[in-house]
Amino acid sequence: MNIDRTIATVIVIILIIGTIGIFNITLNPTPSEKFTEFFILDGDGKAINYPTNLSVGEPANLTVCVVNHEYKTTSYLIKITQGNQILKEENITLNNDDKKEIPFEFTAGSAGEEKLEFKLYKLPDTENVYRYLYLQIYVT
């Protein structure tokens with residue numbers, strides 16, 4: 001009789017520990033991969049029809065988007081360059097799951113190929129590019 005009571009007590013203790021474990025996993029899930037989304041959209045807010053074929057002096061619009069999935073408040077530096085020229089530079093700070101859309105207007109330069117580079121730095125590191133995008137522009 002004493003052995004039956006001991007076995008029943010052990011089973012109840014195991015069930016209680018298992019239930020506590022299930023609640024803990026459900027209420028405090030392990031964060032998935034930490035990352036930042038970095039992408040550009042065309043003038044209509046879509047990821048198609050980028051202004052890649054322009055005439056000299058023609059204006060074009062883009063939107064640069066950053067979404068924080070780092071599970072903490074994170075500061076970023078965005079640099080948009082063409083060759084050695086910085087066209088736009090902006091610091092932003094985003095809470096987890098926040099999104100920032102930054103409008104960017106540029107004008108096509110001289111005829112030929114131009115490469116717009118979009119660099120995202122995760123501060124305080126301004127030496128190593130965290131995310132990189134570019135858009136090849138053909139100007140006629």
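Author: Welcome! Helices (H or I, at least four residues) and strands (E, at least two) are DSSP runs, numbered from the N terminus. One case is I3, which sits in helix 1 (residues 2–27). This is a predicted model, in which local features need pLDDT of at least 70 and side-chain atom pairs count only at pLDDT 80 or more, while totals for chains, interfaces and linings use all residues. Residues are numbered from 1 along each chain as its sequence is written, and side-chain values use heavy atoms, with hydrogens and water left out.

Reader: Is I3 buried or exposed?

Author: Buried means under 20% relative accessible area, exposed over 50%, and partly exposed in between (1.4 Å probe, protein chains only). I3 has a relative accessible area of 62%, so I3 is exposed.

Reader: Thanks! How do I read a sheet, and what is the strand order in the open sheet of five strands?

Author: Strands of a sheet pair through backbone hydrogen bonds, either parallel or antiparallel. Two strands count as paired if DSSP finds at least two bridges between them. Here the five strands of an open sheet follow the order 2-8-7-4-5, with mixed pairing. Strand 2 (53–54) and strand 5 (85–94) are at the edges; each has a single partner strand, so one side of each lacks a neighbour in the sheet.

Reader: Which residues can I use to follow the pairing of strand 7?

Author: Strand 4 (residues 74–82) pairs with strand 7 (residues 112–122) in the antiparallel sense, over seven bridges. Along that pairing, K79 has K119 as its bridge partner, and Q82 has L116. Strand 7 also pairs with strand 8 in the antiparallel sense, over nine bridges, and L120 stands opposite R131 in strand 8.

Reader: What surrounds F38?

Author: F38 lies in strand 1 (residues 35–41) and is buried, at a relative accessible area of 9%. Contact means heavy atoms within 4.5 Å. Beyond neighbours within four places in sequence, the contacts of F38 include V64, V66, F118 and L120. V64 in turn has I78, I80 and I102 among its contacts, with the sequence neighbours within four places again set aside.
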